[in-house]
Amino acid sequence: MENRENVRGIAARVAVWSARHRALAILGWIAFVAAATVLSGVLGSRAATDSEQGHGDSGRAQRIVEEAGFPERPAGEMVLIQNRAGTDRAAATAEVTRTLKTLSDVTDVQPAIQSPDGRSSLIAFSITGDPETAKDRVGPALDAVAKVQAGHPDLFVAEAGDASGDKLIGDELDAGLARLSMLSIPVTLGILLVAFGAAVAALLPVGLAVTAVIAAIGLMAGFSRLAPTVDATSHVMLLVGLAVGVDYCLFYIRRERDERRAGADPHRALVIAAQTSGRSIWVSGLTVIVAMAGMFLTRDTTFVSFGLGTILVVTTAVLGSLTVLPALLSLLGDRVDALKIPGLYRRRGDGRFWNGLLKVVLAKPLISAVVAVAALGALAAPALDLKTKGESIDDVAPSAPIVQAYKAVGEAFPSKTTPALVVVQASSVRDERFQQALTSFRDTAKASGKLVEPIDVEINPAGTVAIVSVGLVGKGADSATLDALDTLRGRIVPDTFGRLPGATALVSGETASNVDFNKRLDDSLPWVFAFVLGLAFVLLLVSFRSVVVAITGVVLNLLSVAAAYGMLVYVFQYGHFEKQLDFVSSHGITNWMPLFLFVILFGLSMDYHVFVLSRIREGHDRGLPTRDAVREGVGRTAGVITSAAVVMVAVFALFATLPLNSTKELGVGLAAAVLLDATIVRAVLLPAVMALLGNANWWLPSWLRWLPEIAHDVPPAVEPVAAPRPLTPIG
């Protein structure tokens, strides 16, 4: 390819280089993906430990326990035998005990204990072997308990515990994720086939997005040495990588095709696409990366892992879009439209519906803006009542026998499901002073009325660390439980174990961990919001040299995020659409969801915003009045944004089919926000606001004139083009 014109901008220069060195660019990308995959296989990912995921006193307690050398605990299980219609539990209890002792994978079957109300008996036992794989060996025990239940229909007989819970959640989640992986790519490909009407053009974005995700997951293995990963990171990377990778390619390919159809030769069409859509890609990618980096400020292992993973996958998607995609487009030429689909292939895809709506919006911008803001405000209103909660057994399908058993055990034996764990570290926890402190703790706990027995003690082999477990009244996350935890931490532990000379006494457990996690989120939330909003404003200011455009972009994105919050509260907190989405409301939103959604949504919504604004600025720089530039920019991008939004909504909506409430919240929140952003915000509110502001959109104070000039206009053609021509037919 000859360089017959001067190109400006990083994206355009990289595109021209890639087109000149097609083989090197394509083979280099393949080698990069392969090397990253090999790196992952050689190094493996370093997973975060429980202590690394902890915060506050509970996190310190977990670190003490991990370093104390406790023997590995086998997975604990429980069988509850409870009076419902029947009254005699003795026969069923004896049968459960006898049967469990005959199973090869069952050990340490304990004598049955009776609940304080006399209605329930509980048999505790363990599954042999590695607790991480115990779910694979718990099946015979579950089958045996189910057989006892069938023989005693007047009683409630069910099993719950670590292994059975992992089996329920793990099997359902694994099946859901496998289904998601199998469906997400075909669904995306199907939407792109409709959008492009040609198989080759549709395959390019999917292929690049998938390889970008594979490469990023491979790189994550190396980066996990700096920030350990959590299980969900790869799924988040797939979610984000597929969305942005397809979007970036979609923007690039659509612009290149449109320019060729308008009469540009292949070189000029590629340069225009690179200098416009390519520039939008790297600006958008940089904005997304900045938003994701906000998760680092939480100093939470899960959020840091999510942030690092999404930054890697967005970076690889941008890299592929700016390097290998131009090389492929240059190689294919008009063959990018090969294998046309009859009835779907169209010369242009500007979107007649959206152009008709845009005509109405620009005719009545004030009314349109008021209606759009009112609609978003109505959707966002429930967010004022947003309440958060920790993840628990309530987030799993309530009809499952294991879930029912777990809840029943929690009501009958509170100390057996989510006990508080008091971790005491001292020079010795076997001496007389510790025993006196333990006796005082038992007496004080019993007298408090907020802690329940039994109180169990486990000591490490060195005799320096003791774990004292005690039940909390309440249901695990209600006000009674939180009040009991405050009493335990604030009065009982300091007055008993806290008086041991040189001792450290800290409270851990599920409830304490959730409280400490919530405090960490509350402390970091203002910093994350300020970081993301501030840097997004700066990036938009530098990219478009306009204070007004930067402020408008931030405000519009906040409106779409607020509307998504409101819809989450309406659905999951208030309990609407429970049957359709197959969940039961726990009257709160998962505690990590608001911050995570804010970061993800703010970053992803910038894709559309930067793309549309770039096209509007392009018209403005050509001398068009603002309203005409808005008409052209929004009208020309309506079709591609619709296609991109449909892809995102479809992929995100698949997450709502997973079994956990948190994954349903994630899918519904992301899908709803993208849908609102691509319709009400980009198609109505943005053009209405910009039409009302007119030339004020481009206001930049004199003291900011030093900002660099970034070209948005299309490079002039060296020689005139005779007339528009159709693409060369293939086949």
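Predicted model: local features only at pLDDT ≥ 70, side-chain atom pairs only at ≥ 80, totals over all residues.

- V38, L39, V42 and L43 together make a nonpolar surface patch of about 350 Å².
- To find V38, look in helix α2, which covers residues 22–43.
- V38 has a relative accessible area of 52%, and it counts as exposed because the cut-off for that class is over 50%.

**A patch of negative charge**

- On the surface, a patch of negative charge gathers D50, E66, E67, E72, D130, E132, D162 and D166.
- Two helices, α3 (56–67) and α6 (162–196), each supply at least two residues of this negative patch.
- E72, one of the patch residues, sits in the loop between α3 and β1 (75–83).
- The relative accessible area of E72 is 58%, so E72 is classed as exposed, a term used for values over 50%.

**A buried serine and its partner**

- S605 belongs to helix α21, made of residues 593–621.
- Is S605 buried or exposed? Its relative accessibility is 6%, and because buried means under 20%, S605 counts as buried.
- Which side chain does the side chain of S605 make a polar contact with? The partner is the side chain of N557, at 2.7 Å.

Terms used. Residues numbered from 1 in each chain as written. Heavy atoms only, no water. Patch = residues over 30% accessible without salt bridge, like charges linked within 9 Å, V, L, I, M, F, W, Y side chains within 5 Å. Areas by Shrake-Rupley, 256 points an atom, 1.4 Å probe, with all protein chains shown as cover. Salt bridge = Lys/Arg side-chain N within 4 Å of Asp/Glu carboxyl O. Helix = DSSP H or I, 4+ residues; strand = E, 2+ residues; numbered from the N terminus. Buried < 20%, exposed > 50% of the residue type's maximum accessible area, 1.4 Å probe, protein only. Lys, Arg positive; Asp, Glu negative; His and termini not counted. Charge placed at Lys NZ, Arg CZ, Asp CG, Glu CD. Polar contact = N/O pair within 3.5 Å; in protein donor to acceptor, adjacent residues only side chain to side chain.
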